[in-house]
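This report is written for a reader new to the structure. Please look through the sequence and the model before reading on.

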Amino acid sequence: MTRIVIIGGGPGGYEAALVAAQLGAQTTLIERDGPGGACVLTDCVPSKTLIATSVRKQALLDAPSLGVAFDGGLDGDVGVASVDLPLVNKRVKELAQAQSADIAARVEAEGVEIVKAQGRLVDPQVVKAGDRTIRADVVLVATGATPRILPGAEPDGERILTWRQLYDLDKLPEHLIVVGSGVTGAEFAGAYRSLGAEVTLVSSRDRMMPNEDADGAEVLEEVYRRRGMNVMGRSRAASVKRTADGVVVTLEDGRTAEGSHALMTVGMIPNTAGIGLEEAGVQLDPHGFIKVDKVSRTSAPGVYAAGDCTGVLMLASVAAMQGRIAVWHALGEAVQPLRLATVASNIFTDPEIAAVGVAQRVIEAGQIDAKVVKLPLATNARAKMQGFNDGFVKLFCRPNTQIVLGGVVVAPRASELILAVSVAVQQRLTVDQLAHTFAVYPSLSGSITEAARRLMQPETALDF
């Protein structure tokens with residue numbers, strides 16, 4: 001029987017463990033903090049739970065425009081909608097622990113042994129876990145990553161924080177300064193603004209989320225400014241210092257921003273130091289990420305890697321797929337290499353921004369020839385009914401074959417709406433096939449089929 005040892009119990013680790021057990025391998029999962037890893041316990045699950053609360057609060061703030069009043073009438077005063085932050089954080093932590101327990105139960109039910117310890121490689125076929133030494137035929141490293149710390153802005157857990165420290169606050173920050181305007185910064189900035197905190201978002205670039213769809217980022221920035229957020233562009237932070245009753249962020253151009261708390265969202269560093277990788281022959285890139293190929297193999301025979309420690313699109317879904325692919329490959333199963341062009345992603349802001357496939361910047365750079373259509377959400381009947389004015393559906397296809405290349409959805413629950421586009425990209429469907437698929441009326445998903453109809457060749461378009 002093949003013995004597989006997995007170091008790290010996040011999505012890359014536990015999903016790989018499930019596949020290994022189902023294929024009959026003797027499987028050991030080593031995880032220091034608990035099944036689900038940082039993704040479930042401190043990062044993805046907690047942050048999206050907090051965001052769910054903030055979206056509900058924002059819905060209350062927007063309710064008067066739909067004719068719903070409480071306490072304050074309909075004249076722009078929505079009355080009292082308070083936030084009990086200790087209760088919010090309690091729910092966040094309990095939900096994370098419950099999800100971890102569910103994962104543990106599922107993994108153990110498949111016969112996987114869970115070892116709570118720090119794992120490290122002794123050599124490509126030997127793993128040390130606490131005081132145990134385990135021999136393995138295959139090793140998968142899925143140790144994740146940790147928030148990056150800027151020199152001169154070291155978190156203290158009270159006023160200067162990483163996102164993993166937010167859930168210990170006993171009251172809502174009066175003025176939260178978010179340093180870093182990537183996906184994580186944008187998500188937390190929007191959440192805390194909707195919860196009622198004053199928020200300043202410090203961005204070193206011209207706009208928020210410079211690596212994401214420009215149209216989507218523009219819509220979100222407009223929404224944030226309208227809700228009262230201070231978005232500071234071209235403002236790289238030089239230092240963050242604690243004051244007597246708050247923080248002061250000094251920018252490289254000499255300007256300062258003062259607030260009650262600072263949240264540092266300036267990237268991630270891989271958890272690859274001190275776990276025996278280089279000694280075992282596992283090559284790292286200059287930033288410390290594990291080098292892997294498209295079936296998750298490292299440079300050491302029999303050693304695979306998955307998830308954030310590889311730096312390959314830091315998404316839970318990608319980590320999980322890397323882990324599954326690694327096990328399928330190691331056990332000789334038929335396997336399709338990881339195709340990044342088919343990965344769907346979502347930014348859990350309000351509205352959400354979801355994307356899959358080719359990006360518009362690639363099209364604009366002339367690297368891919370494509371037709372583009374963009375439909376504003378404001379013209380969608382369901383959006384009008386629900387009071388959604390911000391967002392759009394954008395679809396890309398090849399000019400001749402009409403094959404769907406990708407798309408972007410900016411809308412409430414865009415994470416759900418993008419599935420139709422993702423299926424089209426994965427299965428190489430044409431806009432004709434997508435356009436002739438029934439959508440419910442009225443529905444937000446109707447804008448996807450409408451976009452496809454607009455991309456159809458005139459000779460294939462039909463009037464009903």
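## Basis of the model

The model is predicted: local features need pLDDT of at least 70, side-chain atom pairs count only at pLDDT 80 or more, and totals for chains, interfaces and linings use all residues. Residues are numbered from 1 along each chain as its sequence is written, and side-chain values use heavy atoms, with hydrogens and water left out.

Helices (H or I, at least four residues) and strands (E, at least two) are DSSP runs, numbered from the N terminus.

## A three-stranded sheet

Three strands form an open sheet in the order E4-E5-E6, and their pairing is antiparallel. Strand E4 (119-123) and strand E6 (132-135) each have a single partner strand and stand at the edges, so one side of each is left without a neighbour in the sheet. On average, neighbouring strands of this sheet are turned by 30° against each other, direction ignored. Axes here are lines fitted to C-alpha atoms, for helices over the stretch in contact, and angles run from 0 to 180 degrees between N-to-C directions.

Two strands pair if DSSP finds at least two bridges between them. Strand E5 (residues 126-129) is joined to E6 by four bridges in the antiparallel sense. Val127 stands opposite Ile134 in E6.

## The second largest pocket

A pocket is an open set of points on a 1 Å grid over the protein atoms alone, where a 1.4 Å probe fits, with protein on both sides within 12 Å along at least five of seven lines; lining residues have an atom within 4 Å of a point. The second largest pocket has 48 lining residues, and the closest to its centre are Val55, Arg56, Ala59, Asp350 and Pro412.

Several helices each supply at least two residues of this lining, among them helix H4 (85-109), helix H5 (183-195) and helix H10 (414-426). H3 gives the most, with 12 residues.

## Two loop residues

Asp43 lies in the loop between helix H2 (37-41) and H3. With a relative accessible area of 13%, Asp43 is buried (under 20%; exposed is over 50%, partly exposed in between, with a 1.4 Å probe and protein chains only). Leaving aside neighbours within four places in sequence, Asp43 is in contact (heavy atoms within 4.5 Å) with Ala38, Trp163, Arg164 and Met268.

Glu333 is in the loop between helix H7 (316-330) and strand E19 (344-347). Glu333 counts as partly exposed, at 39% relative accessibility.
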